[in-house]
Amino acid sequence: MRVLIATDAWRPQINGVVRSLERMVEAAPEFGVTPHMLTPEGFWQVGLPSYPDIRIALATRRHVARRIAEFGPDHIHIATEGPIGWLTRAVCLAQKRTFTTSYHTRFPQYVAARWPIPESWSYRFLRRFHGPAAGVMVSTATVEAELRAHGFEHILRWGRGVDLSLFHPRPESVLDLPRPIFLSVGRVAVEKNLEAFLSLRLPGSKVVVGDGPARADLMRAFPEAHFLGAREGEDLAAIYASSDVFVFPSLTDTFGIVLLEAAASGLPVAAFPVQGPSDVFAGSEAAVLHEDLRQAALSALRLPREAGLELAQRHSWHSSAEQFYGHMRRAMQAAAAGKAARIDPAPASTTALSVRLETAERKEFA
């Protein structure tokens, strides 16, 4: 199976979307898949307004169609709702190609945090984008319920994983700072709500790993905090393992891969009781979720580190890729059968990887 993945989020960006897609590309050979990435690379680019570090492509539908034709995919997956995503969608519709999409970001909430645009407008925009897809992949049950409440259909579950060979406890610390060390990792932007963490009265040290448009302002406002910039690989893993509590102040993340990375490093988590943390840590003693983030952070110091390790063991990138490519195969099977179909989650009485294919005639009776 030759799969083209179209995404506006790609290197040099460092975020959950990029990490997830990179892992899917790495795992592709295990599932008989030859992947190809259609990204802003190779196109003229401009900085995103209010976030110049994110570059968006100045592409045309003709150029995107040519790139698709050169690869000759059996299936197309559209990962983001940016220019590359919209142009790929337009090509798929014009050529009557079956495609799937994924929903990574609570776009309506992110937009509302930056500009006075009603969330209902953003949801209307997103429904139009994802509507023709054979299925829309989401990370958790909470995201699925939220989208269904806003009129989305054909939603599929695509979980996330963590690299246990990289993220794990380590005997030595690379942080020579007063303890306890409270760590936050992620994009340094207004929607991540980092001010809620940095303004807390906590003992020891606060450390922020990541970069973004809000970094300079936050460094001026909170000079006592330690901003380490963007880190990856062994460097990042060592920082996780050297800290005492991971603080996740975001109110809008759909999942938060950093939560699994922290848990795998044996790091207790403090967060608000919102989607993302609530989904990841349901039934686990690896985190304290509380409306009072300071209380959550201090209480997390008493949590057993073993709980996070146990949680992380249940999330593998292999099972994530199995879901990801499994959904695509079923979309291809439906198209090959000549059905105007969508993929829906399996009924409770069937296996997790089975699907229900709805023909156009059945849809008319719905």
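I started at the end of α3, which is followed by Lys96, a residue with a positive phi near 55°. Helices here are DSSP runs of H or I with at least four residues, strands are E runs of at least two, and both are numbered from the N terminus.

Before going on, a note on what I'm looking at: this is a predicted model, where local features need pLDDT of at least 70 and side-chain atom pairs count only at pLDDT 80 or more, while totals for chains, interfaces and linings use all residues. Residues are numbered from 1 along each chain as its sequence is written, and side-chain values use heavy atoms, with hydrogens and water left out.

**Lys96 and α3**

Lys96 is not a glycine, yet its phi is about 55°. I found Lys96 in the loop between α3 (83-94) and β6 (99-102). Is Lys96 buried or exposed? Lys96 counts as exposed, at 76% relative accessibility. My cut-offs are under 20% relative accessible area for buried, over 50% for exposed and partly exposed in between, with a 1.4 Å probe and protein chains only.

Then I checked α3 itself. Its twelve residues reach 16 Å from first C-alpha to last, close to the 16 Å expected at 1.5 Å a residue. The expected span is 1.5 Å times one less than the number of residues. In α3, I listed Ile84, Gly85, Leu87, Thr88, Arg89, Val91 and Cys92 as buried. A reminder to myself: an α-helix has 3.6 residues a turn, so residues three or four places apart point the same way.

**Another positive phi**

His154 also turned up, with a positive phi near 55° in a residue other than glycine. His154 sits in the loop between α6 (141-149) and β8. His154 is buried, with a relative accessible area of 7%.

**Cis prolines**

Where does Pro12 lie? I found Pro12 in the loop between β1 (2-6) and α1 (16-27). The peptide bond leading from Arg11 to Pro12 is cis, and its omega is near 10°.

I looked up the bond from Arg179 to Pro180 too: cis, with omega near 5°. Pro180 is in the loop between β8 (155-157) and β9 (181-185).

**Arg179**

Arg179 has its place in the loop between β8 and β9. Arg179 is partly exposed, at a relative accessible area of 42%. What does Arg179 touch, not counting residues up to four places away in sequence? I noted Ser173, Gly204, Ser242, Ser243 and Asp244, where contact means heavy atoms within 4.5 Å. A polar atom of the Arg179 side chain lies 2.8 Å from the backbone oxygen of Ser242. For a distance check I took Glu146: Arg179 and Glu146 are 33 residues apart in sequence and 39 Å apart in space, C-alpha to C-alpha.

**Thr100**

Thr100 is in strand β6. It counts as buried, at 0% relative accessibility. Its side chain makes a polar contact with the side chain of His77, at 2.8 Å. By polar contact I mean a pair of N or O atoms within 3.5 Å; within protein, one must be able to donate a hydrogen and the other to accept it, and residues adjacent in sequence count only if both atoms are side-chain atoms. Leaving aside neighbours within four places in sequence, Thr100 is in contact with a list of residues including His75, His77, Ala133, Met137 and Met328.
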